[in-house]
Amino acid sequence: MTSLSSPSPLTPTPVAIVVGASSGIGQALARKLAHEGYAVAVVARRADRLHALCAELNARPGAAQAVAYPHDATHFSEIPALFQTILRDLGRLNVMVYAAGITLPSGFSEYNFEKDRATLEVNVLGAMAWLGQAATYFEQAGAGHLVGISSVAGDRGRVGNPAYHTSKAALSTYLESLRNRLTRKGVHVLTVKPGYVDTDLLKAVARPFWVVSPEQAA
């Protein structure tokens, strides 16, 4: 995201929304954006972690505002109103990041629809609900950055955890479609495909390799 340069003192404070900011890449990215001068709306279902993160970010001298918005990404009907609340609270939006994601342990002979549905609801439908709101806003504004955290796991269907691989393939395709729609409108859409990152999701992986920290990924 090299194009997201820090603002000068003469420009309005840029604003970012990070969904999935209570841990992992989302949390590390919220810290990085705040350090670069962004006001950050941090969104996740774990309210205690969000408030602790905001307290940390707001304690820095000269820091831009960090505001917590507790929310479960699968509560789709809440998203339009919450998105408008954030816009009213922070005044504008420049960057929208969807970093929420889950992977549930799955045995090689396990076919569990409840797990599969939960994975798709968070990793795909939640992303579509949030990114669609921001896409509408950015298209009307003629500028903005949409960022989705996908994965190399979506590049092919591997033996382990079919639902997770499917969810990331779907997210990558959705982001590609948004890019093809919005690039002519002045909106940048970035698909991020990390490998193994040292987050809570890694607990479901038996033999990870080439693991990077959330800070490196951010």
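Two aromatic rings of Phe, Tyr or Trp count as a pair if their centres lie within 6.5 Å, and planes over 60 degrees apart make the pair edge-to-face. With that in mind, welcome to this predicted model, where ring pairs link F83, Y137 and F138 into a cluster.

**The aromatic cluster**

How many aromatic pairs does a search of the whole structure find? The search finds 2, and both are set out here.

| Pair | Centre to centre | Angle between planes | Geometry |
|---|---|---|---|
| F83 and Y137 | 6.3 Å | 75 degrees | edge-to-face |
| Y137 and F138 | 5.8 Å | 65 degrees | edge-to-face |

F83 has a relative accessibility of 1%, so F83 counts as buried. F138, at 0%, counts as buried too. Y137, which takes part in the pair with F83 and in the pair with F138, is partly exposed, with a relative accessible area of 24%.

**The sheet**

Now to the strands. The model has an open sheet of 6 strands, and reading across it gives the order β3-β2-β1-β4-β5-β6, with parallel pairing. Which strands form the edges? They are β3, residues 66-70, and β6, residues 187-192, and each of them pairs on one side only. Direction ignored, neighbouring strands of this sheet are turned against each other by 15 degrees on average.

One of the residues involved is H145, whose bridge partner in β6 is H188.

**Helices across the strands**

Helix α2, residues 47-58, lies across β2 (39-44) and β3, and runs at about 175 degrees to β3. Over β5 and β6 lies helix α5, residues 162-182, which runs at about 160 degrees to β6.

Methods
Residues are numbered from 1 along each chain as its sequence is written. This is a predicted model: local features need pLDDT of at least 70, side-chain atom pairs count only at pLDDT 80 or more; totals for chains, interfaces and linings use all residues. Side-chain values use heavy atoms; hydrogens and water are left out. Two strands pair if DSSP finds at least two bridges between them. Helices (H or I, at least four residues) and strands (E, at least two) are DSSP runs, numbered from the N terminus. Axes are lines fitted to C-alpha atoms, for helices over the stretch in contact, and angles run from 0 to 180 degrees between N-to-C directions. Contact means heavy atoms within 4.5 Å. Rings of Phe, Tyr and Trp (its six-membered ring) pair if their centres lie within 6.5 Å; planes under 30 degrees apart count as stacked, over 60 as edge-to-face and the rest as tilted. Buried means under 20% relative accessible area, exposed over 50%, partly exposed in between (1.4 Å probe, protein chains only).
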